[in-house]
Amino acid sequence: MDRVTRRQFIGRAAAGTAGLAGILATGTPPARGQQREISYLCWNNFAPAMDKKQNEIAQRFTKDTGIKMRIDYVSHMGPQQAKLAAEVQTQAGHDLVELRMHFPWLYEPQLVEVGDVVAELEKAHGKALSSGYEAAHIKGVWRAVPMYHGLFVPTYREDLFKKAGLKIPDTWEDLYTAGKELKKMGNPVGIPIAQNYDSISTAGPVLWSFGGMEVDKDGQTVRINSPATEQMIEWYKKMFRDCMEPEVLSWTDASNNESMQQGKAGWIHNPVSTYIVAKQRKLPTADLINHHRSLGGAHGRHETDVPRAMGIWKFSKNVEPAKEWIRYLLGKPEVYNEWIMSADAFNLPSYEKLQDHPVLRTDPKYAALSAPGVQYHLYGWPAPGTDKVQRITNEFILPNMIAKAVTGTPTKEAIAWAEKEMKRIVSG
Amino acid sequence: MAVGSVRVGATPSRAGLRVRELLDRERFLGPAFVTPALLLLLVLVAYPFVMALYFAMSNAFIGRPSHFIGTRNFVALWDSDSFRQTFQNAFVFTGSAVGSKLVLGITLALLLNEQLWFKRLIRGAVLLPWVIPTALSTLGWWWMFNSLYSVVNWSGIALGLMDPPGPNWLGQKYYAMTAVIAVNVWRGLPFFAICILAGLVSIPKELYEAAEADGASASARFWNVTLPLLKPVLAIVVLFSTIFTFSDFNIVYVLTNGGPINSTHLFATLTRQVGLESGQIGQGAAISLYLFPVLAIVVWIQLRFVRRQVY
């Protein structure tokens, strides 16, 4: 081994110290040591196979691009929102974040503009679906990239309908006719009227199909006090009385699934997860469950769905690598398809040309999920997803108005209560 | 050992002497010991509290610039039906739960103080509800009150105490409030029972013997010996429990999410809904701090009472 003289040692140490000082001062590591790396915070998917597939794709992405990828999964309701809020407040955390529903509106000033990526995706896959647009296109700017959506679909007990000779409903009024018979058979309709989001996911479409709305397009004018809302409430009242059981007043988001899976409910309005889980767990009801086309009314056929998008924080130092990941996952048709297929129809692509997706042909019971003529919207449509409209949603004013009415409060009084609460929020 | 020998070493430097001199002074040593704890309190308690105060008096929204708006949040909250309902719920919930825990806690402590078989095992078992994570045990209660699988209703119907299908525990406001109070009592009872038991065992036996010799009945011994001597313990336990119960979150969040129609919302659950889910940190902080002045007065009164009892 060569001996290092004292002079050589001092020289090398000085060079090393100067180099380190340079790195610390500029905050930039030398090119040879630079490793591009992005971190992604996303939810624990209700379809776990999709997370597994995403990890596989991320490994391939790293191999193909040299960009390292770290994906952190977090429970979607409370913890995810707390984490997002903490990252925004501290201006530190992940580069990329998964955003559900109107989260892009909530964090709009903190999100990088991603119109360039969306334009590429729309060129390849067609326009983004209406709900994806409503969720991520804010004040003329794309703040997140639509990724996929989980949609609500009427789920019914095919055997019971056949046994009683019931017609598959096409409108919400038709459902009342079928629901009366179902309840007599001991298999009531299961629509939650409680402080949960599934309640709003049904109440919204019913209200819209009667021609009503909570707040107008301007996001300021409260329109809940209308004849359409009265019609909607009267519909709920007769459904509650003749087709359902009081248990729906205490239901959580999972209760309608459970009621159908355990063989009680004859009809529910829910994502396709009810059937998927029954199938996976080999429940006896799996063979008896089927889906039909979304219900409509005089003012169209609407659904609330759960659009999910990917956003990039403005404080991220890896905006371009993050965009590369989005292009890799969503822009390459073979990768996007592979990922969607892994979810077994629970999450479907957010772009128009991909609506007749091969995943819908993997099971004949998924046919109703390809629902032409159905409009998908965010909660609170046609109002934009502003923080005020979100607060109306989060305070569960719509389901609470219905709950008041079905438990004895006069219809007009329940509507007046909702109007007052909505006006308070909008004017606040 | 060299008796009387003197170890001659280096003479302490002037600075060393000065430090030693300072350490000998109580005026310096006291603050030196207290400073680390004080710093921790400042960073972990005072700073978040001051931040919460600032948020409550601002229009803070997640990730957006905020401005000071004085007490506007506190005033505006009164316009909200859900807040007024929450305010009422908080007092009903805390009053009923703390009252029930107090009565049941004294009863349980008196029982545990008796000569029982498997006394240690029973005392350990009583603590179980307090040891299990609240969110987990509340999930168990949620199943028991669940409209589809309620074991409470199933048992009640089987015993002929209820007409089928039984109460809709989490879907009707009075039942729902009863349910959340019941779970809070179940969860908090061990804290009361064990603290009161500690107070009971410290009461000298001679007092009971003297009272018995004077012909005092069991109830007279309870009212005139046990209860007066338990007062300091009860005051502290009630104080802590009042604070914990007012700020309860898990039970309501898991069991009812504040429903039906906001009839079980508490300050903590409403704070989460407004501050976190809707991004309005300012109003959320105002909700959580609304009761601070009331609780501060309660604490002050109870601590004064405890001091009087002790000194």
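**View 1. A salt bridge inside chain A of the predicted model.** The side chains of E338(A) and K53(A) meet in a salt bridge, with N to O at 3.1 Å; the term stands for a side-chain nitrogen of Lys or Arg within 4 Å of a carboxyl oxygen of Asp or Glu. E338(A) belongs to helix α14 (residues 333–341) of chain A and K53(A) to helix α2 (residues 48–65) of chain A, so the pair ties together parts that are 285 residues apart in sequence. Helices (H or I, at least four residues) and strands (E, at least two) are DSSP runs, numbered from the N terminus. Over all chains, the structure holds 34 salt bridges.

This is a predicted model, in which local features need pLDDT of at least 70 and side-chain atom pairs count only at pLDDT 80 or more, while totals for chains, interfaces and linings use all residues. Residues are numbered from 1 along each chain as its sequence is written, chains are lettered from A and ligands numbered from 1 in the order in which they are written, and side-chain values use heavy atoms, with hydrogens and water left out.

**View 2. The interface of chain A and chain B.** Contact (heavy atoms within 4.5 Å) takes in 38 residues from chain A and 36 residues from chain B. About 3,000 Å² is buried between the two chains, 48% of it on carbon and sulfur atoms; buried area is the accessible area (1.4 Å probe) that two parts lose on being put together, summed over both. The rule finds one salt bridge across this interface. D387(A) and R64(B) meet in a salt bridge through their side chains, with N to O at 3.3 Å.

**View 3. Two packed helices in chain B.** Helix α2 (residues 26–56) of chain B packs against helix α14 (residues 281–289) of chain B at an angle of about 115°, with the axes 7 Å apart. Axes are lines fitted to C-alpha atoms, for helices over the stretch in contact, and angles run from 0 to 180 degrees between N-to-C directions. From α2(B), the residues making the contact are F49(B), A52(B), L53(B), F55(B) and A56(B). From α14(B), they are I281(B), G282(B), A285(B), A286(B) and L289(B). The residues of this contact divide into nine nonpolar, one polar and no charged. Ala, Val, Leu, Ile, Met, Phe, Trp, Tyr, Cys and Pro count as nonpolar, Asp, Glu, Lys and Arg as charged, and the others, Gly among them, as polar.

**View 4. The two ends of α8(B).** At the start of helix α8 (residues 151–158) of chain B, a side-chain oxygen of S150(B) reaches to within 3.3 Å of the backbone nitrogen of V152(B). Just after α8(B), G160(B) has a positive phi of about 75°.

Key. A polar contact is a pair of N or O atoms within 3.5 Å; within protein, one must be able to donate a hydrogen and the other to accept it, and residues adjacent in sequence count only if both atoms are side-chain atoms.
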